[in-house]
Amino acid sequence: MMRRALLPALLLLLAACDSAPEIAFADASITLPDDPVDLPEGPGREAVIENCTACHSPSTMLQQPKVSREKWESIVGKMRKLYKAPVDEAAAAQVVDYMVAVQARPEAAR
Amino acid sequence: MNDPRLSRRALIAGAGTAALAAPALASIGAKLGGMIDLALPGGPSLRPTTPAFPGKGEMIVQRIRPPLLEAPMEVFREGIITPNDRMFVRWNWQMPTEVKAAGHRVAVGGAVKNAVSLTLSDITAAGETVEVIAINQCAGNGRGLSEPRVTGTQWGNGAMGCAKWTGVRLKDVLAKAGLAAGGSRVRFAGLDVPLTDGAPQFIKSIPMDIAMRDDVLVAWGMNDEPLSILHGFPLRIVVPGWFSTYWVKMLSTIEVLTGEDDSYYVADSYRIPAQPITPEAKDFPTVAITAMPPRAFITSHADGATVALGKPLMLEGIAMGGDAALERVDLVGKGWEIPCDLGPDEGGPYAFRRWSVNLPQVAGDFDGIGVRARNVNGAVQPAALVWNPSGYARNVIERITLRAQ
């Protein structure tokens, strides 16, 4: 066990040890769950699956607040230019169409 | 996979083939666990909850891959320490799901006398072992509550938690390499890397004076357990009082810079307007988000809860001073305010602290009441949101309504 020594002068809850402790690190490994969500039907859905889902869970896309077509164009542009997403011009337009179309629906229908 | 970067072909292959069925967002919960309503203005507001992530309890799923998990506010009803299985999880890029301890190295380089590659044993032996209790809060915590809404992870207020962190001082690790003259900032990188070639790596830096603080750590322990993979095994940076964007996880590189940091996540992202702006503003000067402002939350009652008319009422919750100790908490309503009692200082200036207030008699509904924290530096929560386009550093007074009957 570490022996705790408070350092009130620093007003910090710090504890110090007299000698270096033996810290054992075990290898770590986990398995992450899959995203169970499918994207709803809509124009450009295949382009979204091919170009977006490797980095963005479908659920995340569907949880975004409703924003303008211009904003989606800006977001897709940022993915291409800044994050180097390999999305061609035609696919980018389809992705924007899809997000605008899905967001135009009532929430319960997305 | 040796090279985590993906070609376009691999990106497509990795996406799998989704069935043509079209379940709505509301069906996610049935597949994962439950659903929770985060009351995000204008929606979509429902989020699935699941205990399915390794080492985690019931968490709100903001993203599956890379994981973004939020704590339900009920987690904060008791105590000041957030259990490890309820601490929020946030990764910018996909992280490895397996890390071998013996093979892990932390490279310390840049403006140092002797660049070194340190094993985990080298790190733990670099100096005295230190513990600090500190709140870990995402810079975007509460973003989903912004009005007007902004894009990004739509967090409620659960992208925060308070833990006891164990490690060695960053300055002791830097001393293994020896600082050369002219060091201005210290930059960190972890094992999480972009999926696409050329995209910016998630690297972050802090000024040298912050790096030299006695409570800034290279940590391996979280509430007396080893860091889990989701929380940054084997090592993460801890900067008490600063937003967790600087608390780089799966630490693998420490680099001493001699000038400004022009990397994307410091120079272009995680920034707020230097002065308050309107949502229509363009081309305004920005500053990096760094230190946290004070915040407070009512945890004893949810918005819309019913209270007993004519009876006494006790409200309770948590508060934080941010980058300085909490000084006071006040319950505020429309045209009135009542000082709250602070609980014992259990965790020091960077921890949550509990508060409570006893109201002798409920005379009617409480419309839009909230709690307002002030820290010892005089920083106080504003009554109105200071809106910014990325929804960072939210600290407006959070308000609820209680119905008397």
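**Exercise 1. Determine how many residues of domain 1 of chain B are in contact with domain 2 of chain B, and describe the side of domain 1 involved.**

*Solution.* Step 1: 22 residues of domain 1 of chain B are in contact with 20 residues of domain 2 of chain B, where contact requires that the C-beta atoms of two residues, placed from the backbone, lie within 7 Å. This is a predicted model, in which local features need pLDDT of at least 70 and side-chain atom pairs count only at pLDDT 80 or more, while totals for chains, interfaces and linings use all residues. Residues are numbered from 1 along each chain as its sequence is written, and chains are lettered from A and ligands numbered from 1 in the order in which they are written.

Step 2: On the side of domain 1 of chain B that touches domain 2 of chain B, strands β9 (129-137) and β17 (271-273) of chain B each supply at least two residues. Strands here are DSSP runs of E with at least two residues, and helices are runs of H or I with at least four, numbered from the N terminus. The most comes from β9(B), with three residues.

Step 3: The residues of this side comprise 13 nonpolar, seven polar and two charged. Ala, Val, Leu, Ile, Met, Phe, Trp, Tyr, Cys and Pro count as nonpolar, Asp, Glu, Lys and Arg as charged, and the others, Gly among them, as polar.

Step 4: The domains span 106-288 (domain 1) and 295-404 (domain 2) of chain B, with bounds from an automatic or database domain assignment. Their centres, taken over C-alpha atoms, are separated by 29 Å.

**Exercise 2. State the order of the five strands in the open sheet of chain B.**

*Solution.* Step 1: The order is β8-β7-β16-β11-β12 (chain B), with mixed pairing; two strands pair if DSSP finds at least two bridges between them.

Step 2: The edge strands, each pairing on one side only, are β8 (116-118) and β12 (203-207) of chain B.

Step 3: Strand β11 (residues 185-190) of chain B runs antiparallel to β12(B), and five bridges join them. In β12(B), I203(B) is the bridge partner of A189(B).

**Exercise 3. Explain why R328(B) counts as partly exposed.**

*Solution.* Step 1: R328(B) is located in strand β22 (residues 326-332) of chain B.

Step 2: R328(B) counts as partly exposed because it has 18 C-beta neighbours inside 10 Å. A residue is buried with 20 or more other C-beta atoms within 10 Å of its own, exposed with 12 or fewer, and partly exposed in between; C-beta atoms are placed from the backbone.

Step 3: Not counting residues up to four places away in sequence, R328(B) touches P339(B) and R374(B).
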